[in-house]
Amino acid sequence: MEIVIVAVVMLLLLLLIKEVIQPLHALISVMFSFLLFGMLFSTLLLPFAKQLLETLAFLPYAKAILISASMFYVGQWVALLLAEHNYKVLGNIVFAAVKIVILLYWFKEFLAVLQEVSAILKRLN
């Protein structure tokens with residue numbers, strides 16, 4: 001309930017700023033977006049992710065999948081936020097960078113599995 005109240009107060013402040021100080025509206029709306037996202041992340045998403053990881057601890061790649069999905073959605077959110085404020089090219093670059101980071105993360109996981117498979121094949125020869 002606290003998050004809803006904070007979001008409503010932020011919305012009212014943004015409407016007031018939009019009417020009174022139009023040039024600062026975009027800057028303050030981005031700041032409020034990041035503040036609200038930080039609050040949502042620390043109070044809701046982080047505890048949920050921890051509980052989900054504890055529940056799915058028996059799965060070998062549950063942590064990697066959760067990290068990848070989280071990074072993807074955060075990158076998508078930042079890209080949409082930048083596109084909304086007429087920085088679509090920068091948003092696309094950020095989103096592409098997030099995708100590359102996810103691929104590099106999975107490449108490390110794949111490399112470890114590939115080394116194990118290679119060791120097993122060497123033993124068979």
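Trainee: Contact here means heavy atoms within 4.5 Å. With residues up to four places away in sequence not counted, what does I28 touch?

Mentor: I28 touches L14 and I17. Before we go on, this is a predicted model: local features need pLDDT of at least 70, side-chain atom pairs count only at pLDDT 80 or more, and totals for chains, interfaces and linings use all residues. Residues are numbered from 1 along each chain as its sequence is written, and side-chain values use heavy atoms, with hydrogens and water left out.

Trainee: Got it. Where is L14 found?

Mentor: In helix α1. Helices are DSSP runs of H or I with at least four residues, strands are E runs of at least two, and both are numbered from the N terminus.

Trainee: Is L14 buried or exposed?

Mentor: L14 counts as buried because its relative accessibility is 17%. The cut-offs: buried is under 20% relative accessible area, exposed is over 50%, and partly exposed is in between, using a 1.4 Å probe and protein chains only.

Trainee: What is L14 in contact with, leaving aside neighbours within four places in sequence?

Mentor: H25, I28, S29 and F32. Now look back along the chain to E2. L14 and E2 are 12 residues apart in sequence, and their C-alpha atoms are 18 Å apart in space.

Trainee: Which residues make up the largest nonpolar core?

Mentor: M10, L14, I17, I28 and F32, which is 5 residues in all. The elements that give two or more residues to this core are α1 (2-20) and α2 (25-55). The most come from α1, with 3 residues. As for the term, a nonpolar core is a set of buried Ala, Val, Leu, Ile, Met, Phe, Trp, Tyr and Cys residues joined through side-chain atoms within 4.5 Å.

Trainee: New topic. What does the domain assignment of the chain give?

Mentor: Domain 1 (1-55) and domain 2 (58-124). The bounds come from an automatic or database domain assignment.

Trainee: How many residues of domain 1 are in contact with domain 2?

Mentor: 10 residues of domain 1 are in contact with 9 residues of domain 2. The C-alpha centres of the two domains lie 25 Å apart.

Trainee: Where does the largest pocket lie?

Mentor: Between the domains, because domain 1 and domain 2 both give residues to its lining.

Trainee: How is a pocket defined?

Mentor: On a 1 Å grid over the protein atoms alone, a pocket is an open set of points with protein on both sides within 12 Å along at least five of seven lines; a cavity is a set where a 1.4 Å probe fits but cannot get out, and lining residues have an atom within 4 Å of a point.

Trainee: What volume does the largest pocket have?

Mentor: About 330 Å³. Grid points are joined across faces, edges and corners, and the volume is the space filled by probe spheres set on the points.

Trainee: Which residues lie nearest the centre of the largest pocket?

Mentor: F41, L45, A49, L66 and S70, out of 15 lining residues. Helix α2 gives the most to the lining, with 8 residues. By class, the lining has 14 nonpolar, 1 polar and no charged residues. Here Ala, Val, Leu, Ile, Met, Phe, Trp, Tyr, Cys and Pro count as nonpolar, Asp, Glu, Lys and Arg as charged, and the others, Gly among them, as polar.

Trainee: On to α3. Is S68 buried or exposed?

Mentor: Buried, with a relative accessible area of 10%. S68 lies in helix α3 (residues 62-84). Beyond neighbours within four places in sequence, S68 is in contact with I102, Y105 and W106.

Trainee: And what does G75 touch?

Mentor: F95 and V98, not counting residues up to four places away in sequence. G75 is also in helix α3. G75 is buried, at 4% relative accessible area.

Trainee: Last one. What phi does N86 have?

Mentor: A positive one, about 65°, although N86 is not a glycine. Most residues other than glycine have a negative phi. N86 is found in the loop between α3 and α4 (88-124). N86 counts as exposed because its relative accessibility is 71%.
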